[in-house]
Amino acid sequence: MRVPEPLSRRARDRRDVPPPPPRGLSRSCKGIEILGSLNSAAQIVVDRFEGGGFLPMLNTAISQEVQCVKGSFLDDCPWADGDVIFANSTCFDDELMEGMSEEAACLSPGAYFITFTKGLSSDKFEVLERKRYKMSWGPATVFIHRRLNEDGGRRRASSKRSPTPTSSD
């Protein structure tokens, strides 16, 4: 069985892949979970990722960091510097969704925020897509939001797509 080359080598040989970012930049994935049992399960996945030989297949020009934080995403761990945020918000109550929406308003223009079942209530975001998908627990509507510029405009002039309303969960 042939083992694939590391992504960084393949990326250098392809014209459609942008060059690696300047040295010193990093990519990180941070999971925030308030329930101890789910945080422990996530840490097991991180340990397998880091120890399972996956890191050599990634772009080594950029440091790769994965971490799990046990706590509240509203109180214990800042995430306003994120570029892509995901919240499995199906069971979040209105107060939690409102707090998350307020915190999300601090994200930089162009950042993406993906939620399940319920969308953000901030007018600082546009909904790029709202679509129902089958999940392991049943159907859920996936919302893909993008942070608008401070003036309320879109990041790129070519992004004139408006969401098509679908039924809510």
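This is a predicted model: local features need pLDDT of at least 70, side-chain atom pairs count only at pLDDT 80 or more; totals for chains, interfaces and linings use all residues.
Student: Let's start with the pocket. How much space lies in the largest pocket?
Tutor: About 1,700 Å³ lies in the largest pocket. A volume here is the space filled by probe spheres set on grid points, joined across faces, edges and corners. On a 1 Å grid over the protein atoms alone, a pocket is an open set of points where a 1.4 Å probe fits, with protein on both sides within 12 Å along at least five of seven lines.
Student: Which strand gives the most to the lining?
Tutor: Strand 1, with eight residues. Strand 1 (26-33), helix 2 (36-51), strand 2, strand 3 and helix 3 each supply at least two.
Student: How many helices and strands are there?
Tutor: Three helices and six strands. Both are DSSP runs, numbered from the N terminus: helices are H or I with at least four residues, strands are E with at least two. Along the sequence the pattern reads α-β-α-β-β-α-β-β-β.
Student: Which strands sit at the edges of the sheet?
Tutor: Take the open sheet of four strands, with order 3-4-6-5 and mixed pairing. Its edge strands are strand 3 and strand 5 (125-135), each pairing on one side only. Two strands pair if DSSP finds at least two bridges between them.
Student: In what sense do strand 5 and strand 6 pair?
Tutor: Antiparallel, over ten bridges, with strand 6 covering residues 138-147. The two form a hairpin with two residues between them. Phe-125 stands opposite Arg-147, and Arg-132 stands opposite Thr-141.
Student: Which helix packs on that sheet?
Tutor: Helix 3, which touches strand 3, strand 4 (112-116), strand 5 and strand 6. Its direction makes about 170° with that of strand 4. Axes are lines fitted to C-alpha atoms, for helices over the stretch in contact, and angles run from 0 to 180 degrees between N-to-C directions.
Student: What about the largest nonpolar core? Which residues have the most contacts inside it?
Tutor: Trp-79, Met-100, Ala-104, Leu-107 and Phe-113, out of 13 residues. Such a core is a set of buried Ala, Val, Leu, Ile, Met, Phe, Trp, Tyr and Cys residues joined through side-chain atoms within 4.5 Å. Helix 3 (94-104) and strand 3 (84-87) each supply at least two residues. The largest share, three residues, comes from helix 3.
Student: What does Trp-79 touch?
Tutor: Its contacts (heavy atoms within 4.5 Å) include Ile-32, Phe-73, Ile-85 and Glu-103, leaving out residues up to four places away in sequence.
Student: New topic: Gln-67. Why does Gln-67 count as partly exposed?
Tutor: Because its relative accessibility is 30%. Buried means under 20% relative accessible area, exposed over 50%, partly exposed in between (1.4 Å probe, protein chains only).
Student: Where is Gln-67 found?
Tutor: In strand 2 (residues 63-70). Gln-67 touches Cys-29, Lys-30 and Gly-31, not counting residues up to four places away in sequence.

How values were computed. Residues are numbered from 1 along each chain as its sequence is written. Side-chain values use heavy atoms; hydrogens and water are left out. On a 1 Å grid over the protein atoms alone, a cavity is a set of points where a 1.4 Å probe fits but cannot get out, and a pocket is an open set with protein on both sides within 12 Å along at least five of seven lines; lining residues have an atom within 4 Å of a point.
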